[in-house]
Amino acid sequence: MQELLLPLLTGACGAAIIKVLDNVIMWKLNRKDTGDAKFKALQEGQRVILLDRIQYLCRCYIHDDKVDFDDRRRLHKMHDAYHALGGNGDLDTLMAAVDELPVK
């Protein structure tokens, strides 16, 4: 009887340990995916904020028909950050128009 009981208990304990390890691994993977989704959402939000701010500033400078040197430098840094976050070329035309403005 003991000869049959020992392998049965050993196999059951092994299966239980494997199942616990599987659950721990899946929990960690799901937890990481949630963090990645939040990070991607933050990146997308930052990109949209930069898009809006750059458009607004470009329109203001074009309306004033002049731009300060430091303002244009900061605007280019924002535009570079926008591209680094995956922004497309939507702002390139406005940036080119600002670059043609006289510097005060």
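**Patch, core and salt bridges in a predicted model**

In this predicted model, a nonpolar surface patch is formed by Ile-17, Leu-21, Ile-25, Met-26 and Leu-29, which together have about 480 Å² of accessible area.

Me: Which residues form the largest nonpolar core, and what makes it a core?
Reply: The largest nonpolar core has twelve residues: Leu-50, Ile-54, Leu-57, Cys-58, Tyr-61, Val-67, Leu-75, Tyr-82, Leu-91, Met-95, Val-98 and Leu-101. Helices α1 (2-64), α2 (69-84) and α3 (92-99) each supply at least two residues of this core. Helix α1 gives the largest share, five residues. The term core applies because such residues are buried and joined through side-chain atoms within 4.5 Å.

Me: What does Tyr-82 contact beyond its neighbours in sequence?
Reply: With neighbours within four places set aside, Tyr-82 is in contact with Arg-47, Leu-50, Leu-51, Ile-54, Gly-87, Asn-88, Asp-90 and Leu-91. Among them, Leu-50, Ile-54 and Leu-91 are also listed in the largest nonpolar core.

Me: Why is Ile-62 called partly exposed?
Reply: Its relative accessible area is 34%. Partly exposed runs between the buried limit, under 20%, and the exposed limit, over 50%, so Ile-62, at 34%, is partly exposed. Ile-62 is found in helix α1. Not counting residues up to four places away in sequence, Ile-62 touches Leu-94, Ala-97, Val-98 and Leu-101. Ile-62 and Gly-86 are 24 residues apart in sequence and 25 Å apart in space, C-alpha to C-alpha.

Me: How many salt bridges does a search of the whole structure find?
Reply: The search finds four. One of them joins Arg-47 and Glu-44, at 2.0 Å from N to O.

Me: How do you know that Arg-47 and Glu-44 form a salt bridge?
Reply: The criterion is a side-chain nitrogen of Lys or Arg within 4 Å of a carboxyl oxygen of Asp or Glu. The N to O distance is 2.0 Å, so the pair meets that criterion. Because they are three residues apart in helix α1, Arg-47 and Glu-44 are separated by about one helical turn. Glu-44 counts as partly exposed because its relative accessibility is 37%.

Me: What makes Arg-73 and Asp-70 a salt bridge?
Reply: The closest N and O atoms of Arg-73 and Asp-70 are 3.7 Å apart. The limit is within 4 Å, so this pair counts as a salt bridge. Both lie in helix α2, three residues apart, and therefore about one helical turn separates them. Arg-73 is partly exposed at 38% relative accessibility, and Asp-70 is partly exposed at 34%.

Me: How far apart are the closest N and O atoms of Asp-22 and Lys-19?
Reply: They are 4.0 Å apart, and the two residues form a salt bridge. Asp-22 and Lys-19 are three residues apart in helix α1, so about one helical turn separates them. Asp-22 counts as partly exposed at 35% relative accessibility, as does Lys-19 at 48%.

Note on methods
Residues numbered from 1 in each chain as written. Predicted model: local features only at pLDDT ≥ 70, side-chain atom pairs only at ≥ 80, totals over all residues. Heavy atoms only, no water. Buried < 20%, exposed > 50% of the residue type's maximum accessible area, 1.4 Å probe, protein only. Helix = DSSP H or I, 4+ residues; strand = E, 2+ residues; numbered from the N terminus. Contact = heavy atoms within 4.5 Å. Patch = residues over 30% accessible without salt bridge, like charges linked within 9 Å, V, L, I, M, F, W, Y side chains within 5 Å. Areas by Shrake-Rupley, 256 points an atom, 1.4 Å probe, with all protein chains shown as cover.
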